[in-house]
Amino acid sequence: MPARLFAPRDLSRSLRAFRTYATSTSSVNPTEVSHFNALASTWWDPHGSSRLLHLMNPLRHDFISSCHALKPQSTPQQDLRYLDIGCGGGIFAESAARLPNTANVTAIDPSTEVIEIAKQHARKDPILLEPGKLEYLNKGIEDLKASRLTKEQYDVVSLFEVIEHISNPAPFLRSCLPFVKPGGWLVLSTIARTWTSWLTTKVVAEDLVGLVPRETHDWSKYINEYELRSFFGSQREWGTNGGTKAMGCIYVPGFGWRMVTGGEHWGNYFFGIRRDPKTEEDNNSV
């Protein structure tokens, strides 16, 4: 069992780590990219290495809907624009693009092989071939230019099963924030760093049962929900007036993924935070 199970994780890591990140200007870890490149060919096999992601996908949409249901409601429910960061083979991106209230989806991933799999699969669906409906880009978030125009920002920026693969999460998250429009949501799913998650995701899922390939996860990179709250608490104009939501989820063999209230404190969970809507004063000053 790993030591210091409940030691807080500083999302910005050390000053030295931050400087290293700032020099490279990229959150892309070549080891992680290589790992997922090796899984690219089986990404769309519902019984393959990404099986758990296929099963989890409906819960992603349920969580986003629950975020939009929070009051005060500021995000329009029509013509939503999505940015899916670390999209992999496109499981979420494709499903989001098919929704009737979606205007368009931009999906990015640093893995060349995985993005190519995503593009190939999207070509099978005429709906996804409509101009502007779904665009895949082989980029990291630092390579994408953020616009200051609200109409060019996104209603939903998603980071599903991504941040636990990032060595320096605080700079990475800061790179994501400008893409969310006022009133929009940044949503993510990740894993709490506890003895329970070590047992279930490393020992059972990887080593004993083989639900996911070995070395998919690094337990030390898991992030606790309170650490995310602390990080966003230091960001101006994020998550006020009830604009923060978390929900745990658990995989039940034979039944799939289920939402579990309180599960965010010990295992897999979703986390969403709203960028504060513009006030009337803000609008008048534009």
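Predicted model: local features only at pLDDT ≥ 70, side-chain atom pairs only at ≥ 80, totals over all residues.

Reader: Is strand E1 enclosed or open, and how many of its residues are buried?

Author: Burial here means under 20% relative accessible area. Six of the six residues of strand E1 (residues 80-85) are buried, so the rest of the structure largely encloses this strand. Both of its faces are covered, with Leu 80, Tyr 82 and Asp 84 on one side and Arg 81, Leu 83 and Ile 85 on the other.

Reader: Which strands are joined to E1 by bridges?

Author: Strand E2 (residues 102-108) runs parallel to E1 and is joined to it by six bridges; Ile 85 stands opposite Ile 108 of E2. Strand E4 (residues 154-160) is also parallel to E1, with three bridges between them, and here Tyr 82 faces Val 156.

Reader: What handedness does the unit of E1, helix H4 and E2 have?

Author: E1, helix H4 (residues 91-97) and E2 form a right-handed β-α-β unit.

Reader: Which residues have the most contacts inside the largest nonpolar core?

Author: In soluble globular proteins, nonpolar side chains tend to be buried together. In this model the largest nonpolar core has 32 residues, and Tyr 82, Leu 134, Tyr 136 and Val 187 have the most contacts inside it. Helix H3 (residues 51-68) supplies the largest share of this core, six residues. Apart from this core lies another, of 31 residues, including Leu 83 and Trp 238.

Reader: What does Tyr 136 touch beyond four places away in sequence?

Author: Among its contacts are Cys 87, Ala 93, Ala 107 and Ile 115.

Definitions and conventions: Residues numbered from 1 in each chain as written. Heavy atoms only, no water. Buried < 20%, exposed > 50% of the residue type's maximum accessible area, 1.4 Å probe, protein only. Helix = DSSP H or I, 4+ residues; strand = E, 2+ residues; numbered from the N terminus. Pairing = 2+ DSSP bridges. Right-handed = clockwise from strand over helix to strand, strands pointing away. Core = buried A, V, L, I, M, F, W, Y, C linked by side-chain atoms within 4.5 Å. Contact = heavy atoms within 4.5 Å.
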